[in-house]
Amino acid sequence: MSVAFVTYVFVIVIPYLRRKPAPVGEPSSLEWHFFVPCRDEEAVIGDTIRYLRTTFPIAHVWVIDDDSDDSTAGVVRTLKRNGGIRDPQIHLVQRQRPYARTGKGNALNDAYRTLKMWMGRRADADRAIIVVVDADGRPAPNCLEVCAAQHLFGNPRIGAVQVDVRMINAGQRQPGVTWWRRAFGAGLVRMQDLEFRTAIAAIQMSRGATGTISMGGNGQFTRLSALDSIAGPTGSPWRGSLLEDFELGVHLLTAGWHTGFSLDTHVNQEALYSLRRFLAQRTRWGQGTMQCMRYLRRIWDSDHLTTLGAAEMMYYLAQPWMQLLGTLIYPIPMALMAYRFAVSPSEVVAWFFDGAWILFTVYGAFGLMPFVLWGPVYRARCEPVGFWKSIAYGFGYALYIYTFYITSWRALIRLVRGNNGWTKTRRNEDRVAGKVALDV
């Protein structure tokens, strides 16, 4: 365990802490298209469009209305014709039921096909970059110049880039709820920020060595020619998994494209205050990971992945299954010890004080440290909180990780029942113009 922990620190943690900013590139050398999937996003989409058009004036904004019941499409049309002047860089892609509301991947595919028709046959697909952001997403102002760098899209072999993800409401407490829900929600948001900005970011950096950097659902940059290479006859680069971002990465990597990751820029998104909504979101992610098990043979047989890279991707796909197995195996020693204590309590007590307590202490310490250390790392790289508060964050993160055992079982139950439909995660309540709007 000690060897495994030291290896973990040197392979993942230290490279993350020693990272230095990389040179940037020239955004105008590329063509940028933001894809913004929306369903009932009237409350937030207007601000998002204004932000994207103001911050990135050279980029096109493609809003994908997934047959919203509210006025999402109306907001887009109003901004497109703001003041009677038509904005040629705002585009609306409308989907209609029964073909709408079938998943984020299908919505992105519709936008991809629409973009291809709009660009025409003479388009330079190598220069065009598709950027997927949430309806309330806020890419950092420097994201285009960072992604245009020579080591990212300046390299023609790079097919996709994922940027760092941050929680815009970290440190903010939810208004209008009881004090304990406010405190719990703030802690849950902080853990989501810590997870993405430290553990996930460091793992993504370590994947640079294995050539298996994966994509996320927000802040996902993909070269159009890379999407073309995997779109197939139906024009569908995004497939049917509930984890369409990781699935996209699988197809790109096995098709021979390289992927990149950058901590020099980021995209902001809103973390969830509600444990129920958080569990629903992570259940969908876990189920999507289970669905991607169908690509195991494709990954292992790929000539474009090293053995180490294939092993890393297979390890990731095994995570929810290992969590299921863990919930069955871990209780067995405790149950046996409890039984033995009930039969002969003095024997168990003597065994414990004769040295077993050392075993429990060492096992507990090395079991917790890989999670607890992210608290001080978060303090060093992300938020300048006090040392003991960072330690508390680390223990909180260790508890937070246990929620994945719950979501893995929920994901398995949905999978067994054949419930593979896309479940929209409700956003935090956001009061706008006297109404309550719900987020994705």
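Q: Which elements are included in what covers the buried residues of α7?
A: This is a predicted model: local features need pLDDT of at least 70, side-chain atom pairs count only at pLDDT 80 or more, and totals for chains, interfaces and linings use all residues. Residues are numbered from 1 along each chain as its sequence is written, and side-chain values use heavy atoms, without hydrogens and water. Helices (H or I, at least four residues) and strands (E, at least two) are DSSP runs, numbered from the N terminus. Contact means heavy atoms within 4.5 Å, and the cover of α7 includes α4 (104–119), β4 (128–132), β6 (158–167), β7 (220–223) and α8 (244–254).

Q: How many of the eight residues of α7 are buried?
A: A residue is buried under 20% relative accessible area, exposed over 50% and partly exposed in between (1.4 Å probe, protein chains only). Leu 224, Ser 225, Ala 226 and Leu 227 are buried, and so are Ile 230 and Ala 231. Helix α7 spans residues 224–231 and is mostly covered, with a buried count of six.

Q: Is Phe 353 buried or exposed?
A: Phe 353 sits in helix α13, residues 345–372. Its relative accessible area is 61%.

Q: What distance separates the C-alpha atoms of Phe 353 and Met 191?
A: Along the chain, these two residues are 162 residues apart.

Q: Which peptide bond is cis, with omega near 15°?
A: Most peptide bonds are trans. Look in the loop between β3 (90–94) and α4, where Pro 98 lies. The cis bond runs from Arg 97 to Pro 98.

Q: What is the phi of Asp 40?
A: Most residues other than glycine have a negative phi. Asp 40 lies in the loop between β1 (31–38) and α2 (42–55). At 24% relative accessibility, Asp 40 counts as partly exposed. Asp 40 is not a glycine, yet its phi is positive, about 60°.

Q: What is the relative accessible area of Arg 101?
A: Arg 101 lies in the loop between β3 and α4. Its phi is positive, near 60°, though the residue is not glycine. Arg 101 is partly exposed, with a relative accessible area of 22%.

Q: How far apart are the end C-alpha atoms over residues 386–407?
A: The unreviewed UniProt entry lists "transmembrane region" at residues 321–339, 351–374 and 386–407; such annotations may be inferred rather than shown by experiment, and feature names are shortened and positions given in the numbering used here. Over residues 321–339 the chain is 95% helix and 0% strand, with its end C-alpha atoms 28 Å apart. Over residues 386–407 the chain is 91% helix and 0% strand, and the end-to-end value is 32 Å.

Q: What is the radius of gyration of the protein?
A: The radius is taken over C-alpha atoms, and the globule rule is 2.2 Å times the number of residues to the power 0.38. With 440 residues, a compact globule would come near 22 Å. The protein agrees with this, at 23 Å.

Q: How many helices and strands does the protein have?
A: The C-alpha atoms fill a box of roughly 85 × 55 × 45 Å along the principal axes. Of the 440 residues, 50% count as buried. The secondary structure comes to 16 helices and ten strands.
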